[in-house]
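Please consult the sequence and the structure shown below while reading.

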Amino acid sequence: MKKLIRVGHGFDAHRLVEGQVLVLGGVEIPHHQGLHGHSDADVLIHAICDALLGASALGDIGTLFPDTDDRNRNRNSREFLVEVYRLLQSHAMEIVNVDVTLVAQEPTLAPFVATMRSKLPSDLELDQSSGNVHANTSDGRGFTCGGGGLGVNAVVIV
Ligand code: MG
C-alpha cells in the first residue's frame, strides 16, 4: 500500500446532568454533574475514536458501537478506543499523533489535563510527546454556556 499521511477530525458533545460521574479521558473529575450518554459518556475518548475512524475512513463511533446495543450500556469508553486502535492496526495504519481540545465552561478542567494526557499513550501505544490534551472555555457562549455541556475536538494524524 502507498504510504500516505492522513488527517482525521472528531467532534463530540454531551450535556451535563445530575446523578452521573464525570469521566474524561478515563479520568474521574470531581463535579456535581456528569455527562449524559449510553456508555460512560467519555466525550474525550469518543472524539478521538471518531478522529481515528475519520482518518482511516473506517466508519464512525455511532456505527461501530451503537446506543441501541445493550452491550454498550455504561461501557468504559477506553474499550471503544482500544477496539478502534486495533481496527486501524488491522489496516496497517499507525498513529502519528493525537491532539485534543476540551471546551467546557465548568468545571475547570486545567488541573486534570496532565492526568488525561498521561492516560492516552497507554491505550494507543504512543510515546508521551505524541498525545496532547488542552482545555478551553467558550467564553460563556454557545453549547457550553453556563456549564450546560461539554464539547471536544480531536485531530489525529495516521
Ligand atoms: Mg459521544
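Within what distance do the axes of helix 1 and helix 3 come, and at roughly what angle do they cross? In this predicted model, the axes of helix 1 (residues 43–56) and helix 3 come within 9 Å, with a crossing angle of roughly 15°.

**Helix 1 and helix 3**

- Angles under 35 degrees count as roughly parallel, and helix 1 and helix 3 are therefore roughly parallel to each other.
- The crossing in which helix 1 passes helix 3 is left-handed.
- Helix 1 contributes I45, H46, I48, C49, L52, L53 and S56 to the contact, while helix 3 contributes S77, R78, F80, L81, V84, L87 and L88.
- Sorted by class, the residues of this contact between helix 1 and helix 3 comprise 10 nonpolar, three polar and one charged.

**Helix 3 and helix 4**

- Helix 3 and helix 4 form a right-handed crossing.
- On the helix 3 side the contact involves R78, L81, V82 and Y85, and on the helix 4 side K119, S122, D123 and L124.
- The contact of helix 3 with helix 4 consists of four nonpolar, one polar and three charged residues.
- R78 and L81 of helix 3 are listed in the contact with helix 1 and also in the contact with helix 4.

**The aromatic pair**

- One aromatic pair is found in a search of the whole structure.
- The pair consists of F65 and F80, which are stacked, with 4.3 Å from centre to centre and 25° between the planes.

**An exposed loop residue**

- A57 is located in the loop between helix 1 and helix 2.
- The relative accessibility of A57 is 56%, so this residue counts as exposed.
- From C-alpha to C-alpha, A57 and H36 are 27 Å apart in space, and they are 21 residues apart in sequence.

Methods: Residues numbered from 1 in each chain as written. Predicted model: local features only at pLDDT ≥ 70, side-chain atom pairs only at ≥ 80, totals over all residues. Heavy atoms only, no water. Phe/Tyr/Trp six-rings, centres within 6.5 Å; stacked < 30°, edge-to-face > 60°. Axes fitted to C-alpha atoms, helices over the stretch in contact; angles between N-to-C directions. Helix = DSSP H or I, 4+ residues; strand = E, 2+ residues; numbered from the N terminus. Parallel < 35°, antiparallel > 145°, perpendicular 65-115°, else oblique. Left-handed = near helix turned anticlockwise from the far one by under 90°. Contact = heavy atoms within 4.5 Å. Nonpolar A, V, L, I, M, F, W, Y, C, P; charged D, E, K, R; others polar. Buried < 20%, exposed > 50% of the residue type's maximum accessible area, 1.4 Å probe, protein only.
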